[in-house]
Amino acid sequence: MNDGSSATYNSADDSIVGIQAEVVHNANVSILHPDASPQEKYKVGVRFLEEGVPSRARDMISDAIAHGHDNAEVRFHWVLAMLSARAYHDLSTEELQRLHHASGLVRTYAEGPWQDALHITFELLAMPADSGTGRVLERLRALSPRQRDAILHHLDLVLTGGLKDSLWAEHRDRAETARFSNNRVQRVWAYFEPDPIGPRALPPRPSTAAAAQAALPLRAFVFVVATAFLWILALVAQPAAAVIEVVVALGAGVTAAHFGRRWWYQAHQLKAKNRLFHIPQTNDPASTGDGFTNRVRHAFDHYFSTCVPHGFAPNLWLGHTVHIRNSLAAEIALLYRESRISVDRVNWLIRYLAEDARDRHHKGLLFGRRHQNQTPGVAEAVSVVALITLGITALALLGTVASGGDATQILLAILAVVGAVWSGHAAASSWLEARSEEHRLAEETREYQEKMTARQVAYQSWKSFLYTMRPSELEMEIWLTYDKTLFVDEALRHYQLTWRDLITHTILVTPARPYKRGRTKGGPWRYSRNSFRLFLVTLNGVREISAEFDFTDAKRGNGQRSNYRFDALSSVQVTERTHAGDDLELVLTNGPARNIRVKDADIHQLTPDENAQEIAEINLNAAGFIHTFRLLEGIAADGKGWIERNNPNNLPSFRAAD
């Protein structure tokens, strides 16, 4: 759980925590409707290219060209998409032919900055590894920064070493300067924060007033008849005493009814509501599991311990609010206990409730209802006195009848008292229940509306804050690119290599546990912690460097280095497990096999309209896996023979026609 602070907590049975959070953002402008125009498809393709999904970019831009949208700008981005994160040996024969064909189309496009950029791109591709770079560098630097940076980024694996040596210092300096641009450190957390689920509150409980009102007339009729009969008997025996006693009885009855309503409401309705929300504390091991309700309770403990009023220590505040937290946790668990709904999506509401409790404490309203409930103590006392008075008056009426009547009248009076007591209690219960239910329904409706209004405001505020803070796919891709650039630069410095010394290179980006991951719909997974694994291929062998990086601040974690000859790489194979993930296994002749987790399983996170195979390909391409696997597979199969066939001096040449 993360709200922008450094506080994160989770629970796991193993000593190694894996995935802490998984987020799929639905808002993605790269989703096209079926009838999109070629121009729209091209724009989406460019966006995919910029966001690190070249495979989708190739499809989109190729489709736009096939439907007639073709000019220098479109073809420029098509060439970048064809070669992005790929070396020449990753291209099929058909793709090489299409590139050759495109190089001959440059002169047919209208003159302008995009034709210049396309022409320079093919000049770079046609440049021999050992040729001078002065003239083409001058023309490259004359391009706009956007065009120049795009060429250097997407053609990284096909540009010659001499050209990259000439540009590397400024490329590295730009990465060093901009790697924390756009407030990266304070914003990255928002990318992995799940989209909040909408506000909810418990609606008012259904009213039982109708049933109570239906039973009231008959009970009231019996009570009136019984009391009237008793009064008549007393009136016959002693008229003066009977009148006084009836007046007292009426006064006591009205008083009991007036003050008893509040007493009844507090004694019955609120107790029932409190029982509904009470979560008993228990030492049962089952109650400390990782169920939804238990995670909600942990979330309340976490946020209440961070939202502490002035003058309270966190542990004292937790003890002071234990019943409030139990009640709120029960409500949230009841409202949001659904399949595939994680507590992370409800954290905004739990945090708001913790802040609200703190604010109400500052205003002296934390236990507002409890303080309100203290005033009915007077009503309770008056009601008890009135009922005692009513009982004494009933006995007095019975005594009045006994003083002036015979045995038959006394028996009838006793029966009338019994009937009046029974029917009076029943009628009063029905009347009080009906009135209290009306009062409860009105109160709960008002509370529900107030809660929903306040929670809706908090929800919109949090959504707006996330929208403002959350980095775009383009920003995430740029930051990742800068991290990789500086990692490669550090490796070159460590081994004292230049780009001219390299035959080729590849970098594999995989998740580093523990991590949080997120993606936009249709896009690749991005991780809060990455493992960079760089392979530098030289004439003397392969140098492998790996390190873990925190995406927020780019701080380095565990790392290792190893070197091996071409013939030491025995085999490379991939293990695909639908419910576990994909592993890359490197087998060396002089050591144990090494397993590299390329990606974890994600099929359970796909939306119904996403293709699992397509998303898997996007993730593998974004990780650099396809190129890395083909490179290592070729070296493992052919050893140094692979180097001879892939010597930079023997690579295809593309030259734009003048």
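Which helices are among what covers the buried residues of α12? They include α13 (314–320), α14 (322–336) and α15 (347–362). What you're looking at is a predicted model, where local features need pLDDT of at least 70, side-chain atom pairs count only at pLDDT 80 or more, and totals for chains, interfaces and linings use all residues. Residues are numbered from 1 along each chain as its sequence is written, and side-chain values use heavy atoms, with hydrogens and water left out.

**Helix α12**

- Helices here are DSSP runs of H or I with at least four residues, strands are runs of E with at least two, and both are numbered from the N terminus.
- Helix α12 takes in residues 292–306, which makes 15 residues.
- From its first C-alpha to its last, α12 reaches 21 Å, close to the expected 21 Å (1.5 Å times one less than the number of residues).
- Its buried residues (under 20% relative accessible area; exposed is over 50% and partly exposed in between, with a 1.4 Å probe and protein chains only) are Phe292, Asn294, Val296, Arg297, Ala299, Phe300, His302, Tyr303 and Phe304.
- An α-helix has 3.6 residues a turn, so residues three or four places apart point the same way.

- β3 pairs with strand β4 (residues 526–527) in the antiparallel sense, over 2 bridges (two strands pair if DSSP finds at least two bridges between them).

- Most residues other than glycine have a negative phi, and most peptide bonds are trans.
- Arg513 and Pro514 are joined by a cis peptide bond, with omega about -5 degrees.
- You'll find Pro514 in the loop between β2 (504–511) and β3 (515–520).
- Asn182 isn't a glycine, yet its phi is positive, near 55 degrees.
- Asn182 sits in the loop between α8 (161–178) and α9 (184–191), and it counts as partly exposed because its relative accessibility is 47%.
- Asn183 also lies in the loop between α8 and α9, and has a positive phi of about 60 degrees although it is not a glycine.
- With a relative accessible area of 39%, Asn183 is partly exposed.

Notes. Contact = heavy atoms within 4.5 Å.
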